[in-house]
Amino acid sequence: MDLQAFKQRILPVQGRLFRLAQLFLRNREEAEDALQDVLMRLWSNRQQLDAYHSVEALAVQMTKNLCLDRLKAHRRQPVTATDDYQNVLATDDSPYRQVELLDSASQMQRLIDALPDQQKLLIHLREVEDYSFDEIEQITGLTTNNIRVILSRTRQRLRDDYLKVNNNETGY
Amino acid sequence: MKQAIDELLERYYEGETTLAEEKRLREFFQQETIPPHLQSHAEQFRYFAATREQQPSAAFTQQLATKLTRPEPTRLLGLTPWTLRLAASVALLLLGFVGGIFYNQHQNPVADAPLPSAVSPAAEMKKVLAFSSLSETSASERIQAVNQSFEMTQADQATTQLLINTLNFDANVNVRQAACQALTHFEHEPGVREALIQSLSIQTDPNVQITLIEMLVAIKEKRAVQEMQRLAKRPQVMDVVRQKAQEGINSLAQLS
């Protein structure tokens with residue numbers, strides 16, 4: 001795999017890998033650092049990449065493992081960096097609504113952070129990256145049924161947790 | 001529509017929806033106005049939709065691009081270290097050989113200087129002993145030239161003739177003596193023995209005469225007896241020589 005092929009096959013995935021790293025590390029710099037690490041590893045092993053059925057699945061696996069390793073090594077909770085959402089949500093909404101959105105977004109982020117790693121990964125791959133069950137199967141090694149069940153549970157749990165937090169806050 | 005969304009949501013929480021259906025749900029919840037009873041579902045979809053927009057910073061992608069392109073040459077070098085090492089060692093080896101050849105070529109003219117004369121000592125000798133150059137060469141040079149004949153295993157007619165001439169006509173006694181000794185080396189060459197016998201009558205120096213007698217005895221030349229008898233009877237020859245001639249006659253006579 002030469003530089004051209006690498007650019008064509010790996011670099012388009014870097015957005016996905018970055019978001020995955022963000023999911024775990026919750027910090028832009030650290031996520032970029034992890035992403036660069038993964039990409040450089042792929043680059044230095046580019047001779048062997050052709051042997052893999054799906055380089056993207058490999059890259060996702062590598063990113064996930066690297067992030068989890070780093071979290072374990074640092075022995076600390078991911079740093080919450082909500083500023084990313086300010087950029088993302090900067091629309092023509094009113095400032096009040098922006099704050100509200102930002103608030104609920106960071107709420108949702110905390111809820112996701114509280115999920116077990118597997119649930120976190122599965123729901124991210126499905127909801128954010130639009131991976132099919134087959135693709136998730138390739139990455140995680142779980143069966144489609146398993147994936148379906150975990151996904152279903154995670155979706156329900158997220159909503160339940162969200163309702164719980166908001167009912168407490170608003171005093172329902 | 002709303003019915004459809006409700007139904008989709010139900011399947012969504014069961015994990016039964018397809019990607020296309022999930023896209024519909026996502027788009028639905030991106031709307032400004034969402035029915036109140038669906039409000040509680042909205043946040044997840046909004047959150048995930050927002051997350052989709054995250055991208056690594058431009059600075060990062062730029063940095064990555066330079067990282068990917070810059071180390072390329074060193075990586076290529078790193079990929080084939082053994083070929084490079086092989087090439088270097090072969091080059092070094094060749095350099096050594098070439099250097100050695102050049103060194104030899106420059107050394108040889110000095111080391112080989114005496115060789116050409118060794119290849120043709122006869123020619124060298126002829127040049128020195130040539131009668132015409134007698135006045136230009138010293139006695140020691142001529143002795144050296146004569147002695148060169150010792151190195152020769154075979155001599156041609158010209159060489160023996162040259163030595164005979166030296167023996168008979170050289171101005172220096174020592175050179176004649178050396179020529180005499182040299183000629184005994186070539187005793188089997190035609191004309192050499194005869195020339196030695198003849199020379200016995202020509203020589204007047206006692207040293208050369210004695211040497212000649214000794215040599216003739218050594219090569220067991222019986223034909224020299226007559227010459228020796230004549231020498232022994234000649235009154236002007238020194239007593240020592242006459243005595244030596246008598247001894248030679250006796251020892252040659254004993255051989256028969």
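1. Chain B has 256 residues, and 25% of them count as buried (a residue is buried if 20 or more other C-beta atoms lie within 10 Å of its own, exposed if 12 or fewer, and partly exposed in between, with C-beta atoms placed from the backbone). This is a predicted model, in which local features need pLDDT of at least 70 and side-chain atom pairs count only at pLDDT 80 or more, while totals for chains, interfaces and linings use all residues. Residues are numbered from 1 along each chain as its sequence is written, and chains are lettered from A and ligands numbered from 1 in the order in which they are written.

2. The secondary structure of chain B consists of 15 helices and 0 strands (DSSP runs numbered from the N terminus: helices are H or I, at least four residues; strands are E, at least two). Among chain B contacts with a separation of 6 or more, 56% join residues 24 or more positions apart (contact: C-beta atoms, placed from the backbone, within 7 Å).

3. The largest nonpolar core has 31 residues (a nonpolar core is a set of buried Ala, Val, Leu, Ile, Met, Phe, Trp, Tyr and Cys residues joined through C-beta atoms within 7 Å). Those with the most contacts inside this core include B:Val146, B:Leu183 and B:Leu212. Helix α11(B) provides the largest share, 6 residues. The core lies between domain 2 (112–190) and domain 3 (203–256) of chain B, because both give residues to it; the domain bounds come from an automatic or database domain assignment.

4. Leaving aside neighbours within four places in sequence, B:Leu212 is in contact with B:Cys180, B:Leu196, B:Ser199, B:Leu200 and B:Gln203. Another core, apart from the one above, has 29 residues, among them A:Phe24, A:Val38, A:Val60 and A:Tyr131.

5. Between the chains, 33 residues of chain A are in contact with 25 residues of chain B. On the chain A side, α10(A) gives the most, with 10 residues. The residues of that side divide into 17 nonpolar, 8 polar and 8 charged (Ala, Val, Leu, Ile, Met, Phe, Trp, Tyr, Cys and Pro count as nonpolar, Asp, Glu, Lys and Arg as charged, and the others, Gly among them, as polar).

6. Chain A has a mean pLDDT of 83, with 81% of its residues at 70 or more (pLDDT is the predictor's confidence in each residue, from 0 to 100). The pLDDT is below 50 over residues 86–90 of chain A, a stretch with 9 contacts in the model beyond near neighbours in sequence.

Terms used:
Contact = placed C-beta atoms within 7 Å.
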